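Subject: Structure for you to look at

Hello,

Here is the structure I said I would pass on. Please open it and keep it beside this message while you read.

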Amino acid sequence: MALLSCTLTLSHSSLRRHVHKYTTSIHLSPPPSPPPRWNLPNPPVLPFRRLVSFPSYIPRSSLLSATAPLLQDAGATATVLAGAYGLVRTFDTLTQRNLIQQSLSRKLVHILSGLLFAGCWPIFSTSAQARYFASVVPLVNCLRLIVHGFSLVTDEGLIKSVTREGNPQELLRGPLYYVLILILCALVFWRESPTGVISLAMMCGGDGVADIIGRRFGSLKLPYNQHKSWAGSLSMLTCGFLISIGMLSYYSALGYFQLDWTWTIQRVALVALVATVVESLPITEVVDDNITVPLVSMVVSMLSFGY
């Protein structure tokens, strides 16, 4: 029994030493090392300059609203330009075929060109650049007159339809002043003032009709100007007044002008009277009627209407 007890004691002691040995080795062993981390350098920052910044999103409605006035004005310009060219070409053809007299052709072009041009202003858009598109039409005609006036290009039909004696240099006087007044009225007054409409009505309608009536029924001359007649002056006063009222009614119906018609008729009659008196003066050899009549009409109209 003593031997068995000693053996168990030794075994128990040996077992405790082995367990202590293993447990000590387990606790004293270092912890596992973490996986290695690769410290890569940061990528280089390339210099970049933003030259143009674009919005992240442009609505289609905004694009359409921005381009619609441009398309409308471009189309209106092309239409009016084609109409103006067709009008002059029509009277060119009539004059060349001797279907109409040269003097009558010239005055009909004088009357219709400016009035139709002013009558087409409402087809342009309401944008700020609309007046500049409209002024392209007389500007093209201005360049055409200059080219033919200096005989850089020959167009016998044009010369016969808008000149008195068939001299190309005449294109650089009355007809050129005429288209310059059209440009002035379009750029300065446009559809915002009755002044431009009245000035064109007096220059185109009043002065144009006065020449036609004066040549046919102008046997009784004015005492202070033998080149002008009572019939011509009275027709200018009447037709200038009526055409001005007609143009103002046209623009008023479209909503561009709000007018007191009793007051407006009186002012337009005053403008027509002053323009008729100036047109009858013997100063045509010094200053062309296409300058004096519209400029005087502008001044009196601006003083009368206030704008």
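Residues are numbered from 1 along each chain as its sequence is written, and side-chain values use heavy atoms, with hydrogens and water left out.

Confidence

The chain has an average pLDDT (the predictor's confidence in each residue, from 0 to 100) of 84, and 79% of the residues score at least 70. Where pLDDT is low, the predicted coordinates should not be read in detail.

Helix packing

Helices here are DSSP runs (H or I, at least four residues), numbered from the N terminus. Axes are lines fitted to C-alpha atoms over the stretch in contact, and angles run from 0 to 180 degrees between N-to-C directions. A crossing is left-handed if the near helix is turned anticlockwise from the far one by less than a right angle, and right-handed if clockwise.

Helix H6 (residues 174-189) and helix H7 (residues 194-217) have axes that come within 9 Å and cross at roughly 165 degrees. H6 is therefore roughly antiparallel (over 145 degrees) to H7. The crossing is left-handed. On the H6 side the contact includes Tyr178 and Phe189, and on the H7 side Thr195 and Met203. By class, this contact of H6 with H7 has eight nonpolar (Ala, Val, Leu, Ile, Met, Phe, Trp, Tyr, Cys and Pro), three polar (the others, Gly among them) and no charged (Asp, Glu, Lys and Arg) residues.

H7 also packs on helix H10 (residues 289-305): their axes come within 8 Å and cross at roughly 145 degrees. H7 passes H10 in a right-handed crossing. Among the residues that meet are Pro194 and Asp207 in H7, and Asp289 and Phe305 in H10. The contact of H7 with H10 divides into nine nonpolar, five polar and two charged residues.

For helix H3 (residues 102-119) and helix H8 (residues 230-253), the axes come within 11 Å and cross at roughly 20 degrees. H3 and H8 are therefore roughly parallel (under 35 degrees) to each other.

Aromatic rings

Rings of Phe, Tyr and Trp (its six-membered ring) pair if their centres lie within 6.5 Å; planes under 30 degrees apart count as stacked, over 60 as edge-to-face and the rest as tilted. The count comes to seven aromatic pairs. Trp121 and Trp190 form a tilted pair, 5.1 Å centre to centre with 40 degrees between the planes. Trp121 lies in the loop between H3 and helix H4 (130-149), and Trp190 in the loop between H6 and H7, 69 residues apart.

Regards

Notes
This is a predicted model: local features need pLDDT of at least 70, side-chain atom pairs count only at pLDDT 80 or more; totals for chains, interfaces and linings use all residues. Helices (H or I, at least four residues) and strands (E, at least two) are DSSP runs, numbered from the N terminus. Angles under 35 degrees count as roughly parallel, over 145 as roughly antiparallel, 65 to 115 as roughly perpendicular and the rest as oblique. Contact means heavy atoms within 4.5 Å.
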